[in-house]
Amino acid sequence: MLHDPNRVYVFDTTLRDGEQVPGCQLTTPEKVEIARELELLGVDIIEAGFPVSSPGDFQSVVEISKAVTNPTVCALTRANKGDIDAAVEALKYAKHPRIHTGIGSSDQHILHKFNSTREEILERGVEAVRYAKKFVEDIEFYAEDAGRADVVFLAQMVEAVIAAGATVVNIPDTNGYCLPDQYGAKIKFLKENVKNIDKAIISVHCHNDLGLATANAVAGLQNGARQIEGTINGIGERAGNTSIEEVVMILKTHQVLGLHTNINAKNFYELSRMVSSQMRMPIQANKAIVGANAFAHSSGIHQDGFLKNRDNYEILRPEDVGFPSASIVLTARSGRHALKFHLERLGFTLSKDELADVYKNFLNLADGKLDINDTDLQGLMAYRLVKN
Ligand code: KIV
Ligand code: ZN
């Protein structure tokens, strides 16, 4: 099969890693609704759940498999036959099924989670891939806690699971531990030292414990990974996962990287709101790309520069990610230029002196109020008429 070497596959795990968050659990119909939107967004793979974990999760994988056509539907398992059997059964209606199986790869996990040895764990990983491969062609292997794993052992593990039939090798920074250059170097090492690496796609799966999930994922892509795993709004275990919207917009903004995805970025805003409300997980206002303030300009200096030329303070167009528009928020930090802009929008054209006069009243009002809306501005102008 011929692959475009610059194409980055987007693997969405909102419904699996994202849904693990306390309070974010969804019903099967809610998951199906989100999966349909993910298909419209253009994600390549939807991780629909962990079928052995509960009957509800099993059923969600079944229903999502029936509901979507283009994306691969993926089910998570641990490295054992029972989990894999459940995943095979749950995926039976998927047009493009994938099993995501794996095991710990760091000494921390090998010793203190599995009470085992590197050799035994490697064998269990290989066995799981061989077993899953009997039922499904597309097998992704995750080397859990790869961020803290010894890179030479990790390379042996990756080589062995590819030889056993893995089509994608996921190198998770499960604990969000790595620095971007460390994580990038790990991916580079695998690319250069695993002799059958060209038979699989390397996937990056980063957690945000130190706020580096997006930076690490991009470092992985710069060093040869071609699948990125993440969630909408960056939701996920503890501090969350890589935000898909951030990585996609980084690749679009920095064309020099030469990488592209199949994502319809204009769908981000709506989908972000939908995930937030269904999962009862508010989006922080300053969240990159989708936060309420992501395209809101509020200080006088920024507003003045933005009104002169939006490129002064805008590296992305809000409409490119489906935002209704940029906004000039009026607060006590706003300047005359922003006030003039809003007054003209409401139909009031003032001379320089008139504006200076209204601006004084505006500041008095804004000092006592969080932000000023159209009704406040109309009130200011009415007051002016009465006063004069
Ligand atoms: O963070 C992680 O290691 C995971 C794996 C199960 C892929 O979510
Ligand atoms: Zn994870």
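A polar contact is a pair of N or O atoms within 3.5 Å, where within protein one must be able to donate a hydrogen and the other to accept it, and where residues adjacent in sequence count only if both atoms are side-chain atoms. This is a predicted model, in which local features need pLDDT of at least 70 and side-chain atom pairs count only at pLDDT 80 or more, while totals for chains, interfaces and linings use all residues. Residues are numbered from 1 along each chain as its sequence is written, chains are lettered from A and ligands numbered from 1 in the order in which they are written, and side-chain values use heavy atoms, with hydrogens and water left out.

The domain assignment, whose bounds come from an automatic or database source, divides the protein into domain 1 (9–278) and domain 2 (296–387). The centres of these two domains, taken over C-alpha atoms, lie 45 Å apart, and their contact (heavy atoms within 4.5 Å) takes 7 residues from domain 1 and 8 residues from domain 2. Between them the domains bury about 620 Å², 69% of it on carbon and sulfur atoms, where buried area is the accessible area (1.4 Å probe) that two parts lose on being put together, summed over both. On the side of domain 1, Met 249, Lys 266 and Tyr 269 lose the most area to domain 2, together 70% of what that side buries.

Across this interface the rule finds 2 residue pairs in polar contact, both at pLDDT 80 or more, but 0 salt bridges, a salt bridge being a side-chain nitrogen of Lys or Arg within 4 Å of a carboxyl oxygen of Asp or Glu. Over the whole structure, by contrast, a search finds 31 salt bridges, and one of them joins the side chains of Glu 19 and Lys 31 (3.6 Å, N to O).

The zinc ion (ligand 2) is coordinated by Asp 17 (OD), His 205 (NE2) and His 207 (NE2), at 2.1 Å. Donors here are N, O and S atoms within 2.8 Å of the metal (3.2 Å for Na, K and Ca), and water is not among the atoms, so sites may look incomplete. Along the chain, the donors of this zinc ion follow the spacing D-x187-H-x1-H.
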